[in-house]
Amino acid sequence: MIALFIVLGILLLLFLILMIRVQVFATYSDELTLYIKVLFIRIPLIPPADKKPKKEPTPKKKKPKEDKPKENEPDKEPKPSFLSRLKEKKGLTGLLSLLTSVAKIAGTLLKNLFSHIVIHRFDLGIALSGEDASSVALNYGRLCSVVYPAVDIIVAATVCRDYHVTLEPVFDSDRDTEISVDLHAHLRVIFAVWEALKAGVKLLLVRLKL
């Protein structure tokens, strides 16, 4: 009975760990700030956390090594890589088939991971300026044709709860272009582990077929 409670406790602990949310916070105005938060632990990525400089160890005096006569050793040829052996075995077609399968698995992995990302806040603002009104209007049209479709793709691929996009032309040559970003999103560990396991099984099946 005690062993059963221990096993159940371990399973419960693993479940709680897998349910942890990894939160991402990113802001950009004059400079980029990026950090992740796991439970109550905040881990800065950009700019990185200041680390204390390590003390350099005092160099030790090395004893002079006696020259020993080198024996004639046969040159060891480097072992061929997995891709080289696959190319020799299956030819170029087999190699291309493997790379195609790996690319599909990686694409599916990223797509599934994005579907589990929850975006709580995504604010993007761009105030576009230029030398004259005609160039501002032309670049503004190009900007809209790129930014809005890109944001639509992100919103469709994730679980986006709140987002705002503000693009505006600035007809003032003395004012610089301003860009601001504010992002808060999270991904649960269980989804990342599950998708990684599925991708690993698919890669193993592809490896066994070769």
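The following conversation goes through a predicted model of a protein chain and asks what lies behind the words used for it.

Student: What should I keep in mind about the model before we start?

Tutor: This is a predicted model, in which local features need pLDDT of at least 70 and side-chain atom pairs count only at pLDDT 80 or more, while totals for chains, interfaces and linings use all residues. Residues are numbered from 1 along each chain as its sequence is written, and side-chain values use heavy atoms, with hydrogens and water left out.

Student: How many helices and strands does the protein chain have, and what makes a run of residues count as one?

Tutor: The protein chain has 4 helices and 7 strands, where helices (H or I, at least four residues) and strands (E, at least two) are DSSP runs numbered from the N terminus. Read from the N terminus on, the order of the elements is α-β-β-β-α-β-α-β-β-β-α.

Student: Why is the pairing of Arg121 and Asp182 called a salt bridge?

Tutor: A salt bridge is a side-chain nitrogen of Lys or Arg within 4 Å of a carboxyl oxygen of Asp or Glu, and the N to O distance between the side chains of Arg121 and Asp182 is 3.0 Å, so the pair meets that definition. Arg121 belongs to strand β4 (residues 118-129) and Asp182 to strand β7 (residues 178-188), so that the pair, 61 residues apart, links distant parts of the chain. As a general point, side chains of opposite charge can pair when their charged atoms come close.

Student: How do you know whether Arg121 is buried, partly exposed or exposed?

Tutor: Buried means under 20% relative accessible area, exposed means over 50%, and partly exposed lies in between (1.4 Å probe, protein chains only). Arg121 has 28% relative accessibility and therefore counts as partly exposed, and Asp182, with a relative accessible area of 24%, is partly exposed as well.

Student: How many salt bridges are found in the whole structure, and which residues form the others?

Tutor: A search of the whole structure finds 3. Arg175 pairs with Glu178, their closest N and O atoms being 3.3 Å apart, and Lys198 pairs with Glu195, where the closest N and O atoms are 3.4 Å apart.

Student: Where do Lys198 and Glu195 lie, and are they buried or exposed, or something in between?

Tutor: Both lie in helix α4 (residues 189-209), 3 residues apart, which is about one turn of the helix. Lys198, at 30% relative accessibility, counts as partly exposed, whereas Glu195 has a relative accessible area of 5% and is therefore buried.

Student: What makes the buried residues of α4 line one face of the helix?

Tutor: The buried residues of α4 are Glu195, Ala199 and Val206. Seen down the axis of α4, they fall within an arc of 35 degrees (the arc of the directions from the helix axis to the C-beta atoms), so they line one face. On the other side of α4, Leu197, Leu204 and Leu208 are exposed.

Student: Why is Leu39 called exposed, and what is its phi?

Tutor: Leu39 has a relative accessible area of 52%, and therefore it is exposed. Its phi is near 55 degrees, a positive value in a residue other than glycine, and Leu39 is placed in the loop between β2 (32-38) and β3.

Student: Which residues are joined by a cis peptide bond?

Tutor: Ile46 and Pro47 are joined by one, with omega about -10 degrees, and Pro47 is in the loop between β3 (41-46) and α2 (82-116).
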